[in-house]
Amino acid sequence: MNMLHREFGEPRFGRALIAPGSWFQTLPAALQAELACRARPLFLQAGERLCARGDPPDGLYGLSDGILRVGSTGNGGEALLAMVQPPHWFGEVGLFDGSPRTHDVHAETDVVLLHLPQIVMLAVLEREPEGWRHLGRMLAGKMRSVFVSFEQMQMLPPRARVARRLVMMAADHQVDRPTLRRELTLSQEQLARMLSLSRQTVNEVLAGLEADGLIRRRRRVIELLDPDRLHKDGAEPGDASDETDVNPVDKSVDKV
């Protein structure tokens with residue numbers, strides 16, 4: 001931990017490495033040390049593009065500060081997939097298959113990322129093949145969440161869809177995250193686009209959740225007041241997750 005602080009100095013540079021519950025913290029100490037030494041900060045201003053659909057894979061990224069917008073553009077509009085907040089790691093798909101990026105990633109705010117280039121990661125994995133298992137675990141968790149998202153689009157009513165997505169986002173898209181983020185920085189319009197719901201419907205749902213004491217709304221911020229009750233709101237009637245301890249982690253769509 002101290003080594004990571006010394007490596008990057010200002011804490012926000014190393015948040016993707018040292019944040020409790022981040023994917024990086026699940027790695028063996030030796031692999032953590034090697035990746036930390038090879039990661040380099042990358043800065044983007046709000047509105048700048050990190051990568052575009054069709055770009056060649058260029059390694060693994062860890063989001064340390066700020067917010068990224070993940071989506072795709074076409075027919076004069078943008079399909080919003082996710083608003084990603086620290087500490088989030090992505091880019092592992094391209095390490096496995098070497099295929100081009102499948103989505104556009106832009107800086108919603110000024111951001112700080114840690115970058116491990118493709119050639120560096122592949123060299124490390126050649127020496128430390130155990131790293132593939134940890135990358136696979138991260139990828140498997142995200143794919144699991146993709147299926148959950150498909151299910152909620154097909155099966156759940158609007159209130160349950162909104163509640164489930166808020167809890168999943170609060171888990172920061174990380175593997176086995178022990179605690180939930182209590183504040184989410186996003187607008188109602190962005191949430192509506194992610195869920196393919198109208199802004200009016202999302203506004204009505206959020207108003208109901210606020211009236212029930214589950215959330216509090218501020219400008220471009222949604223505060224989770226009672227994540228446990230919110231998680232139960234996001235379960236289907238009769239779903240076992242209503243009565244069992246389920247980790248509500250959203251590792252949603254990450255083929256960026």
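1. Cavities first: there are two of 30 Å³ or more in this structure. A cavity here is a set of points on a 1 Å grid, laid over the protein atoms alone, where a 1.4 Å probe fits but cannot get out. The volume is the space filled by probe spheres set on those points, which are joined across faces, edges and corners. Keep in mind that this is a predicted model, with local features needing pLDDT of at least 70 and side-chain atom pairs counting only at pLDDT 80 or more, while totals for chains, interfaces and linings use all residues. Residues are numbered from 1 along each chain as its sequence is written, and side-chain values use heavy atoms, with hydrogens and water left out.

2. The second largest cavity comes to about 40 Å³. Its lining (residues with an atom within 4 Å of a point) consists of Trp23, Leu27, Leu31, Leu35, Met121, Val124, Leu125, Gly131, His134 and Leu135. Eight of these lining residues are nonpolar, two are polar and none is charged. For the classes, Ala, Val, Leu, Ile, Met, Phe, Trp, Tyr, Cys and Pro are nonpolar, Asp, Glu, Lys and Arg are charged, and the others, Gly among them, are polar.

3. Which helices each supply at least two residues of that lining? They are α3 (29–38), α5 (118–127) and α6 (130–155). Helices are DSSP runs of H or I with at least four residues, strands are runs of E with at least two, and both are numbered from the N terminus.

4. Now for how those helices pack. α3 and α5 meet at an angle of about 160°, with their axes 11 Å apart; axes are lines fitted to C-alpha atoms over the stretch in contact, and angles run from 0 to 180 degrees between N-to-C directions. The two helices are therefore roughly antiparallel (over 145 degrees; under 35 is roughly parallel, 65 to 115 roughly perpendicular and the rest oblique). On the α3 side the contact (heavy atoms within 4.5 Å) uses Leu31, Glu34, Leu35 and Arg38, and on the α5 side Val120, Met121, Val124 and Arg127. That contact splits into five nonpolar, no polar and three charged residues.

5. The axes of α5 and α6 come within 6 Å and cross at roughly 120°, so this pair is oblique. Met121, Leu122 and Leu125 of α5 touch Gly131, Trp132 and Leu135 of α6. The tally is five nonpolar, one polar and no charged residues.

6. Further along, α8 (residues 188–195) and α9 (residues 199–211) pack at about 110° with axes 9 Å apart, which means α8 is roughly perpendicular to α9. Gln188, Glu189, Leu191 and Ala192 of α8 contact Arg199, Val202, Asn203 and Leu206 of α9. By class, that gives four nonpolar, two polar and two charged residues.

7. Two backbone spots deserve a look. Serine 196, in the loop between α8 and α9, has a positive phi of about 55° although it is not a glycine. The other is the peptide bond from proline 86 to proline 87, which is cis with omega near -5°. Proline 87 sits in the loop between β5 (77–84) and β6 (88–90).

Conventions. On a 1 Å grid over the protein atoms alone, a cavity is a set of points where a 1.4 Å probe fits but cannot get out, and a pocket is an open set with protein on both sides within 12 Å along at least five of seven lines; lining residues have an atom within 4 Å of a point.
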